[in-house]
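Keep the structure open beside you as you read.

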Amino acid sequence: MPIDFCHIPVSIIKRSEGRSAVAAAAYRSGTKLTNEWDGLTHDYTRKGGVVHAEIMLPAHAPPEFADRSTLWNSVEQIEKARDSQLAREIEAALPRELSREQQLALVRAYVKDNFVDKGMCADFAIHDKGTGNPHVHIMLTVRPLKENGAWGAKCRKAYDLDENGQRIPDGKGGWKNHREDTTDWNDKGNVEIWRAAWAAYTNRALEAVGQPALVDHRSYKRRGIDKIPSVHLGPAASQMEKRGIRTDKGEVNRQIAADNKLLKEIKARITRLYNWSKAEAEKPEGQQPSMMDLWEAQQQLKRPDTRTGKIRALQESAALFNFLNANGIQSMQQLHEKIAGMNTRYYDLRREIVKAERRIAVLTERGEMWAQYNEYKAIHKQLARMKPEKRELFEQRHSRELILYDAADRYLKELKASGEELSPKEWRREIDLLTAQKQVDSIDMKAMREELKAVERLRKAADQLARQERDKPRDRGPER
């Protein structure tokens with residue numbers, strides 16, 4: 001069975017967000033590096049879980065770039081602007097079914113074919129703390145290298161042309177122009193290509209060691225699967241859950257797991273009963289068991305000796321009688337029509353439950369980012385009031401809080417730019433309404449499960465009748 005959607009985040013390390021390529025490389029590799037651009041030293045030699053780190057270079061890259069400090073300090077020095085994009089990072093989970101050597105071979109093949117052969121320098125690190133979550137961080141250069149090993153330009157000026165291929169005057173003595181990238185590395189479509197490639201390379205590595213292909217980079221929604229995706233815990237909630245401390249996100253995931261289990265169970269049961277009742281209803285009328293025959297056969301299926309067993313048997317018989325009577329079922333054709341209706345109802349309920357869970361996840365994320373913004377807003381304001389000589393030290397001491405604030409601020413600004421109102425109370429109100437409706441739908445789904453139990457008892461009775469019919473001694477006629 002395919003595993004859950006394989007999350008493969010792709011991000012840019014930007015100086016405008018207070019980040020540096022040297023700091024990121026030091027953290028990923030668990031080493032100590034000094035950023036020559038700002039003079040800051042980043043020491044992560046005590047960081048645990050880094051099991052392998054390696055640099056892979058294209059053929060025309062300077063050999064000295066094989067040194068991590070040299071590579072990323074060169075990147076820092078060539079980027080002059082305070083809002084420069086310094087590096088691209090890709091993170092991907094590694095299959096636990098592969099040995100460390102097999103994981104390493106998978107990463108090397110993927111990095112070489114998709115990035116290094118395209119001219120990028122790659123610095124990757126495999127992290128594994130032994131908690132069942134091995135993964136790889138891949139840092140990539142975003143500026144191309146010339147054939148002589150020098151850094152090239154990220155973009156160039158291109159003139160706008162009219163329908164005759166002539167330059168268009170800008171009315172100021174010059175020509176209309178625009179910037180265009182010198183490589184296709186920033187194309188938005190690349191993210192989909194890189195994610196699909198990781199899934200393909202991973203599945204190939206699994207198949208090579210006799211394991212089934214398990215990875216699909218597409219979401220449940222894109223694959224047409226009405227399954228509720230779990231929410232991302234994040235490092236803080238993940239660590240708390242591992243220590244046995246229940247978190248809000250953990251509770252959400254436990255509820256989602258329970259909902260998915262219920263949906264999967266009912267789908268399997270209703271499919272079996274639908275196929276059975278259809279086959280029975282298509283038999284010639286004389287070969288179809290009557291509801292009375294099935295009722296009597298069901299009464300003979302269980303003859304418990306204990307008082308508790310007798311009470312349960314009576315309850316089951318009563319439930320079956322009520323089911324048949326309430327739905328006016330007197331024939332196999334009517335039973336099949338009822339199950340077909342249940343099947344339709346199941347898909348309607350499942351669609352509503354999944355839709356509600358997905359919307360709740362979106363609204364919950366908005367609420368969390370709103371809370372994160374407000375939690376660290378005071379730190380950001382304090383930074384703005386700092387004198388220049390104290391600003392850098394303050395940024396170092398509060399880098400985590402400032403990064404979290406910037407992330408929340410950017411998220412909320414993008415949300416507002418998309419036309420959404422920032423209304424936490426309305427988000428909470430909608431979550432409450434969706435949760436209440438989902439609970440109603442879940443109750444209906446559980447009630448359907450009880451009806452399925454009644455039909456399953458009829459099927460057992462039908463199987464019993466069929467066996468009795470097969471076991472009857474055949475009349476061979478008078479002996480001669």
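Is glutamate 450 buried, partly exposed or exposed? Glutamate 450 is partly exposed, with a relative accessible area of 45%; here buried means under 20% relative accessible area, exposed over 50%, and partly exposed in between, using a 1.4 Å probe and protein chains only. Before going further, please note that this is a predicted model, in which local features need pLDDT of at least 70 and side-chain atom pairs count only at pLDDT 80 or more, while totals for chains, interfaces and linings use all residues. Residues are numbered from 1 along each chain as its sequence is written, and side-chain values use heavy atoms, leaving out hydrogens and water.

Glutamate 450 has a partner: its side chain meets that of lysine 453 in a salt bridge, at 3.3 Å from N to O. The term salt bridge stands for a side-chain nitrogen of Lys or Arg within 4 Å of a carboxyl oxygen of Asp or Glu. Both residues belong to helix H12 (residues 424–471), and being 3 residues apart there, they are separated by about one helical turn. Helices (H or I, at least four residues) and strands (E, at least two) are DSSP runs, numbered from the N terminus. Lysine 453 is partly exposed as well, at 32% relative accessibility. Salt bridges that share partners also join Glu265, Arg269, Arg449 and Glu456 into one network.

The count of salt bridges comes to 23. One of them pairs glutamate 79 with lysine 154, whose closest N and O atoms are 3.2 Å apart. Glutamate 79 sits in the loop between helix H2 (68–78) and strand E5 (85–93), and lysine 154 in the loop between strand E7 (135–141) and strand E8 (155–159), so this pair ties together parts that are 75 residues apart in sequence. Glutamate 79 is buried, at 5% relative accessibility, whereas lysine 154 is partly exposed, at 22%.

Now turn to the nonpolar cores, each a set of buried Ala, Val, Leu, Ile, Met, Phe, Trp, Tyr and Cys residues joined through side-chain atoms within 4.5 Å. The largest has 28 residues, and those with the most contacts inside it are Leu335 and Met445. Two or more residues come from each of helix H6 (248–281), helix H8 (307–326), helix H9 (332–384) and H12. Leaving out residues up to four places away in sequence, methionine 445 touches Leu262, Leu263, Ile266, Tyr346, Leu349, Arg350 and Ile353, where contact means heavy atoms within 4.5 Å. Another core, of 27 residues, lies apart from the largest one and includes Ile8, Ile90, Leu94 and Ala205.

How does H9 pack against helix H10 (residues 388–397), and at what angle? The angle is about 160 degrees and the axes are 9 Å apart; axes are lines fitted to C-alpha atoms, for helices over the stretch in contact, and angles run from 0 to 180 degrees between N-to-C directions. That makes H9 roughly antiparallel to H10, a label for angles over 145 degrees.

Our last stop is glutamate 401 in helix H11 (residues 399–417). Beyond its neighbours within four places in sequence, glutamate 401 is in contact with Tyr376 and Ile379.

Methods
Angles under 35 degrees count as roughly parallel, over 145 as roughly antiparallel, 65 to 115 as roughly perpendicular and the rest as oblique.
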